[in-house]
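Welcome! Please have a look at the model first.

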Amino acid sequence: MLHTSSCSMVCLLLIPAFVQAADSPEWPQFRGPAGQGHAAARDLPTSWSEQENVAWKCPLPGKGWSSPVIAGNEIWLTTAIDSPLSEAEKAERLKGTTNSQPLLVSGKLSLRALGVDRSSGKLLHDIELLVEPSPQGTHATNSFASPTPVIEAGKLYCHFGAYGTACLDTVSRQVLWTNRDLVVQHENGPGSSPVIWGDLLIFHCDGSDLQYIAALDKRTGKLAWKTDRTGAMNSNPQLKKSYGTPLVAEVAGQPLLLSPASDWLYAYDPAGREVWKLPYEKLGFSLAPRPVVGHGMAFLCTSFMQSELLAVTLDKEKPQIAWRYGRQVPQVPSPLLVGDEIYLVSDKGIATCLDALSGKVHWAERIPGNYSSSPLLAAGHIYCSNREGETTVLAPGKEFRVVGTGKLDGQIMASPAAIENSIYLRTDKALYRIAGQK
């Protein structure tokens, strides 16, 4: 169904709706309990290598950039096992595409959930959820299993974009339901992670052909609602697609789903009705970063062509852009809000600290490498992991200070998780538990 109404709203408070107790050992979704990249972990090391501060290393089959989610003594991730094609088959599959990006094409895909023992690092479960006989091409830097799953109360919800969604019972390890009805042309592969809101599992479907947001009944997998994007976009189909992850926030005592898409930030109620939308005022598409919230504002990156950070004020009758910043703003990594400062790590390795209220620059410095992973605040430090396998650990504050570095074999594309005294890093080869001596 399509909802197209709008209304004004007085928004006095904006806090993430997913909040757990500070001592909770759970990491249920992309970027942690509140989806903001904050961890309640403690006593974390600020340096490591393959020989130092690695509690265990678990090799992972297949390829996937999804981040780990954690419940009890189990860590869950998704992966894809692909079947190779001949060069002739690849050429045939790419016929007719208008996408100028470097693409990977595959034969039949096996889309799987992996369960790892948190204590030992042993791979406990490798469960096939879905099979895709003829997948779309995906960008050379992406994977077929990039969306991060959501876990709660013995259920794991895994989303693979146009290839489908599945619910796994983590106790019986049975697939409870699948849904393969919602298909768009991603062009560059799946990227949007799902969120839970009550009995709903919500995700973006912003392709080059169709653009909408959808909710499944998490108990049955059946479609609960589907709402088309209503904002005008560029006529070029390649500039309509996006890969963002929504965020449920509490605004003036009511839940509101903030949903960044191409050219527009949307807000929806639990029934999927559009409450309002706000244009970026400049071209913005292929959004990957998840927004963060605080100080009565939402902070989001517009990604391509030239990414900007927008501070959207929600404490007035009508949402508006309070300030914008356009130098070395990330296209893929999400921003991080810590107190009165907001931190950015650009894809090319420029770290920036801004005043969240005004957009004033405190510092902008280069850190090593290229980035897809989103920064993490944990144990009083900011962890920034690059595609080359190196993590730079920064001290939050108005002065730039590096407090340590860590280096692992392989690429880091996934965002980290951290609980208790450990940080969990996924490379293209393995999952690591990094822990100090305490």
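Ala-214 has Lys-226 of strand 16 as its bridge partner. This is a predicted model, in which local features need pLDDT of at least 70, side-chain atom pairs count only at pLDDT 80 or more, and totals for chains, interfaces and linings use all residues. Residues are numbered from 1 along each chain as its sequence is written, and side-chain values use heavy atoms, with hydrogens and water left out.

**The open sheet**
- Strand 15 (residues 211-217) and strand 16 run antiparallel and are joined by five bridges. (Strands are DSSP runs of E with at least two residues, numbered from the N terminus; two of them pair if DSSP finds at least two bridges between them.)
- Four strands make up this open sheet, in the order 13-14-15-16, with antiparallel pairing.
- Strand 13 (195-197) and strand 16 (223-228) are the edges; each has a single partner strand, so one side of each lacks a neighbour in the sheet.

**The nonpolar cores**
- The largest nonpolar core has 29 residues, and those touching the most other members are Ile-75, Val-116, Leu-376, Tyr-383, Ala-418 and Leu-431. (A nonpolar core is a set of buried Ala, Val, Leu, Ile, Met, Phe, Trp, Tyr and Cys residues joined through side-chain atoms within 4.5 Å; buried means under 20% relative accessible area, with a 1.4 Å probe and protein chains only.)
- Elements giving two or more residues to this core include strand 4 (74-82), strand 6 (109-117) and strand 35 (430-435).
- Strand 35 provides the largest share of this core, four residues.
- A second, separate core of 19 residues includes Ala-298, Leu-310, Val-312 and Ile-321.

Note on methods:
Buried < 20%, exposed > 50% of the residue type's maximum accessible area, 1.4 Å probe, protein only.
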